[in-house]
Amino acid sequence: MLQSLIELVLICSSITNPATYLLTPVVVDKLWDTQKDEYVEGIFRKITEKTGVKASKIVITQRGEPNAFAIESWKNEIIVAGGLEKRTSEGELEAILLHEIAHIEKRHSLKRTLLRELILLSSLVILFLNYQVELLLFIMLLLFVTDIEYSKKTELDADRMSAELTKPENLVSAIKKFSVSEPFFSTHPSSEKRVSMIESRVRTSSQS
Ligand SMILES: [Zn+2]
């Protein structure tokens with residue numbers, strides 16, 4: 001019974017994982033009621049010209065909490081949500097958009113989807129080859145933690161790229177402004193860790 005349930009969860013997840021990656025751009029535009037915004041597009045154009053990073057489409061939505069997301073799939077898009085552009089200075093918005101551009105440039109979403117697929121398929125192989133539920137659950141937990149840690153690493157990578165391409169103090173200020181306490185198994189590092197990584201890079205580069 002437990003084996004069949006685990007098999008079903010793994011098989012369904014190994015199908016929905018790549019499907020989510022491919023379908024997200026279509027679903028997001030429909031569900032989030034996105035639209036163009038001249039001010040946000042202007043800042044976006046400015047930073048793509050200044051930094052030379054590849055341009056993507058940028059839209060806003062009034063839905064959700066103030067935040068920004070990178071949709072990286074067959075269609076690259078950045079979504080500014082919940083009136084974020086009204087609650088940030090131009091410099092803070094620039095820093096946040098560069099963080100999202102970094103996710104697209106570094107193909108973080110594709111790499112995470114592939115990592116998850118590898119985790120799911122290897123768990124299925126373990127299950128079919130030598131069924132030992134304790135071993136399988138242990139490996140799944142290990143792989144789940146790997147996925148979470150990889151996600152945290154991509155967040156710090158995106159912060160690093162943003163801080164290199166714009167004023168780091170703008171990114172620090174934006175992180176502090178929207179700081180929330182992360183749950184134990186969060187895919188994001190804490191605001192304190194992000195700020196301390198950026199500040200230590202600033203200290204290192206000013207010494208060299
Ligand atoms: Zn991010």
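K111 sits in helix α4, which covers residues 108–129; helices here are DSSP runs of H or I with at least four residues, strands are runs of E with at least two, and both are numbered from the N terminus. K111 is partly exposed because it has 13 C-beta neighbours inside 10 Å. On this scale a residue is buried with 20 or more other C-beta atoms within 10 Å of its own, exposed with 12 or fewer, and partly exposed in between, the C-beta atoms being placed from the backbone. Between K111 and E100 there are 15 Å from C-alpha to C-alpha, at a separation of 11 residues in sequence.

The model is predicted: local features need pLDDT of at least 70 and side-chain atom pairs count only at pLDDT 80 or more, while totals for chains, interfaces and linings use all residues. Residue numbers start from 1 along each chain as its sequence is written. The mean pLDDT, the predictor's confidence in each residue from 0 to 100, is 87 for the protein, and 96% of its residues reach 70 or more.

The loop between α3 and α4 contains R107. R107 is not a glycine, yet its phi is positive, near 55°. Most residues other than glycine have a negative phi. With 14 other C-beta atoms within 10 Å, R107 is partly exposed.

D33 also has a positive phi, about 50°, without being a glycine. It lies in the loop between α1 (2–31) and α2, and it is exposed, with 11 other C-beta atoms within 10 Å.

Helix α1 itself is bent by about 55° at L23, with a proline, P25, following within four residues; the bend is the angle between axes fitted to the seven residues ending at a position and the seven starting there. The end C-alpha atoms of α1 span only 36 Å, whereas a straight helix of 30 residues would span 44 Å at 1.5 Å a residue, the expected span being 1.5 Å times one less than the number of residues. One of the 30 residues of α1 is buried, so this helix lies largely in the open.

The largest nonpolar core has 29 residues, and A68, I78, V80, L97, L98 and L171 have the most contacts inside it. Such a core is a set of buried Ala, Val, Leu, Ile, Met, Phe, Trp, Tyr and Cys residues joined through C-beta atoms within 7 Å. At least two residues each come from α2 (38–51), β1 (57–61), β2 (67–71), β3 (77–81), α3, α5 (133–165) and α6 (168–177). The most come from α3, with eight. Leaving aside residues up to four places away in sequence, I78 touches S56, I58, A68, A70, L97 and E100, a contact being two backbone-placed C-beta atoms within 7 Å.
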